[in-house]
Amino acid sequence: MQRLEIECSDTESEDEEVSALLVPVTRKSSRKIKLLLFLLAGSVLILLIVGSRLKIQDDVDNINDLYPVDSTFLELDCKELVSDADYFLRHTLLKRMKDSEHRCLENTDCVCPDPAVPSEYDEKKEWWDRTLQRNSFLLQPFEHVMDALDVLLVGDSLTERWQGTYFSRVPMPDSHGRGGYHPIKDVFTERFGARGDTSVKGVPLGVGEDGYSQLLYRIRNGELKGDVVVAPVVWITVGVFDILKRDCTPEAVLSGIMEVVQAILAHRYQPTRVVINSILPVTRRQTLARQVNELLHCYAEATPHVEFFDATALFMESKDVLHRNITLFQDAIHPNAEGYKLWGRAIVQRVKRILDEMKVEILDWKTADGP
């Protein structure tokens, strides 16, 4: 019995020695496996990114196949909606929007402004004033110069990023390369820096987090310089901050943008076409953005000299109108350089089409009532 115990003890000792030898081998193998898996995952990610870039470039080259789209999500019957010519002004603006209860989303700390009342941006007033001064400076070279511009782009930070700034400041990229807007400014220079086969001449007049009320203030206080600066097309991009930051209802955003459009047409003495850009796909309150776009589409259908441009299809997954293409966005609201590249080309194509349609109108104005 004693000998058997000794043999068992020896066997256990040998097992322990073998285990001790196997541990480093097993750990080493585990590290190799983890490294291989990491490299494999990295390779797959690179392939996906490259494929996405190729797909984006393919979309840029074949933009005519992707666009135009009247309205990606249109569920409203515009003809029925505007059968009464005064529907928008009488129903949404005059009756409902004077009451803040109808301007604000339920269960929110709403700060949605009256659409008919222009206001400054008090939250970042110094930066806001500085950006307005910069915008005025951008237009100075084109004052009293006939045929100098094709389009004025006006709006919020989506428009200001064309200039490569945020509240007139140039942001520095973070450690991951996010935040720098210079590539977007390069896209603008390519598409809007000079007239060409795939470009037009334009100026971006955007300001930070502006909503319809701030844009209305800017226009009524002469930002577009309609008496001295000639631009046949005015391109509006505004409304997303009214939904996400100020908790406005779709009807309030519609009414605010209506006021902006009427102010633009009233403050420009030359032939002008106003284009309302759709609210781009966002990460939250997508249904509200969709409702705003539908209302804007119908409003443009019913209003002379106004068009609606639905850019939604440009920023969604291929054949999927419910999920935005994250490879085209820098954050929850703003596209990245690749997104702006797609958007810029589509804008240029629409502007060129409008200019072609307005040739006779512009010629008549030049010969009869020109500057």
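**Salt bridges, stop by stop**

Across the whole structure, a search finds 24 salt bridges (a side-chain nitrogen of Lys or Arg within 4 Å of a carboxyl oxygen of Asp or Glu). This is a predicted model, in which local features need pLDDT of at least 70, side-chain atom pairs count only at pLDDT 80 or more, and totals for chains, interfaces and linings use all residues. Residues are numbered from 1 along each chain as its sequence is written, and side-chain values use heavy atoms, with hydrogens and water left out.

Select Glu-209 and Lys-124: their closest N and O atoms are 3.1 Å apart, in a salt bridge. This pair links distant parts of the chain, 85 residues apart. Glu-209 lies in the loop between strand 2 (202-206) and helix 9 (212-220), and Lys-124 in the loop between helix 5 (100-103) and helix 6 (125-139). Helices (H or I, at least four residues) and strands (E, at least two) are DSSP runs, numbered from the N terminus. Glu-209 is buried, at 11% relative accessible area (buried is under 20%, exposed over 50%, partly exposed in between; 1.4 Å probe, protein chains only).

Next, select Arg-285 and Asp-247, which form a salt bridge at 2.7 Å, N to O. Arg-285 is partly exposed at 24%, whereas Asp-247 is buried at 10%.

Then move to helix 12, where Glu-294 and Arg-290 lie 4 residues apart, about one turn of the helix. Their side chains meet in a salt bridge of 3.7 Å, N to O. Glu-294 is buried at 6%; Arg-290 is partly exposed at 24%.
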